[in-house]
Amino acid sequence: MKPAPFDWHAPATLAEALALKAHHGDAARFLAGGQSLVPAMNFRVSQPAMLVDLNRVAGLDGIAWDADGTLSIGAMTRYRSIERDAAIAARQPLLIEALAEVAHPQIRTRGTLGGNLAHADPASEMPAVMLALGARFRLASSSGGREVAAADFFIAPLTTVLAEDEMLAEIRIPPLPSRSGTAFLEVARRRGDYAMLGVAVVVVRDAAGRCREARLAFLSAGPTPVLAPRAAALLRGTALDTKSIADAATMAQQEVEPMGSVQANPGYQRHLAGVLARRALSIAAARSLA
Amino acid sequence: MSQRIAITLDVNGTAYRREVEPRLLLTDFLRHEIGLTGTHVGCEHGVCGACTILWDAAPARACLIFAVQAEGHAIHTVEGLAPAPGQLNPLQQAFQDTHALQCGYCTPGILMTMTAFLAENPAPTEHQVRDALSGNLCRCTGYQHIVDAVLLAAERAR
């Protein structure tokens, strides 16, 4: 057997799951899709004494839209369900574009959005996408709940603000304004591998076609997914023309602080940040006119 | 720590009842508990694709699922593809006809990945086949003939 022994609980309700976690604390891990946790357990890098398996908890998955257009995705919603959802493709296309880069179909069958975000791998696609979209996360615990912005959720590699009795229960994504454009680009050595660097961008124009808002979020560019606010500030008020985009990309390149990896040193990652920011902004700018 | 749980799993339409530790991976359940050794074990951390099975008709890594989690789900393995002993299904036949296997170790996983892929994409392009194949490693690196086999199976089904 690869993993170390553990006790397995598969509660049917959220209340039971949260009570187990509150009682056992860090000795227990929530098991969502298992596509990151189980590899770590197979290597025995992770040896939780208990797994609280969320796969039988009712009501933790699902895709819903509020009247104001906010998209709510239950934490246990599989990538496979999200990437096949026509309404998400139409109204939040950045999610779909980035999901195509997340591992392989076999992994997306089981992998969940909430599990991925709680895992907080800075090389992962969805955390950066959540920053770009300005998502908010609903955290639940047996003593109540709270909501945090995606930008405040990730604090270090594989580390979030989740307390030991808390679960990421729901992801809430505000609607894209009209005249918005989004794009996602990454460079990986092989299809489905972790990216050496990637970027998710959102631009919004005003009625006159000027950039009203821009957000660039990078993955594999530091200990957490990171926004590039100074690059975004350079774009505001511009026509999202070639020169403005090039200036913003140069700023983003200086703004990120990549740590390097086995496959790419920080200098190369910085180079990729500039190139991918420029390309992604150009694509998003064109899409915001469509 | 030696919690044991009685489970009944539906594999290729047959119910198998066993008592297992929760840490038993689905791959090891298939191979060691019920003797279905067609599901291969390669990397055991979700990268190589050799253990790909169908989980409720969708491709999944059996090495990243605990057997106790599979109760209530329909599991299909490579043993379930052939219509009868000594026969091949159309996808397997296409693999034979185009010499799409060398050592054969990766083949069961690829057959299961492509079974699910062709069910959703009956008329794929070569690019789509290559993309779908990206989650299965072949260390003989005979990918070209595998692509040919999938395209041939799709063409014959039309």
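**The second largest pocket and the chain contact**

Modeller: In this predicted model, the second largest pocket holds about 520 Å³ of space. Its lining comprises 21 residues, and those nearest the centre are A:Pro105, A:Arg108, B:Phe117, B:Asn121 and B:Asp131. By class, the lining residues of this pocket divide into eight nonpolar, six polar and seven charged. Among the elements, helix 3 (79-83) and helix 6 (105-110) of chain A, together with helix 3 and helix 4 (126-133) of chain B, each supply at least two residues of that lining.

B:Asp131, one of the residues nearest the centre of the pocket, also takes part in a salt bridge, in which its side chain meets that of A:Arg191 at 2.4 Å, N to O. Between chain B and chain A the count of salt bridges is four, and 13 residue pairs, both at pLDDT 80 or more, are in polar contact. On the side of chain B that touches chain A, strand 3 (52-55), strand 4 (58-61) and helix 3 (107-120) of chain B each supply at least two residues, with strand 4 giving the most, four residues. The residues of that side of chain B comprise 14 nonpolar, nine polar and seven charged.

As for the contact as a whole, 30 residues come from chain B and 32 residues from chain A, and the two chains bury about 2,800 Å² between them, of which 58% lies on carbon and sulfur atoms.

Terms used. Residues numbered from 1 in each chain as written. Chains lettered and ligands numbered in written order. Predicted model: local features only at pLDDT ≥ 70, side-chain atom pairs only at ≥ 80, totals over all residues. Heavy atoms only, no water. Contact = heavy atoms within 4.5 Å. Buried area = accessible area lost by both parts, 1.4 Å probe. Polar contact = N/O pair within 3.5 Å; in protein donor to acceptor, adjacent residues only side chain to side chain. Nonpolar A, V, L, I, M, F, W, Y, C, P; charged D, E, K, R; others polar. 1 Å grid on protein atoms, 1.4 Å probe; cavity = no way out; pocket = protein on both sides within 12 Å on 5 of 7 lines; lining within 4 Å. Points joined across faces, edges and corners; volume = space filled by probe spheres on them.
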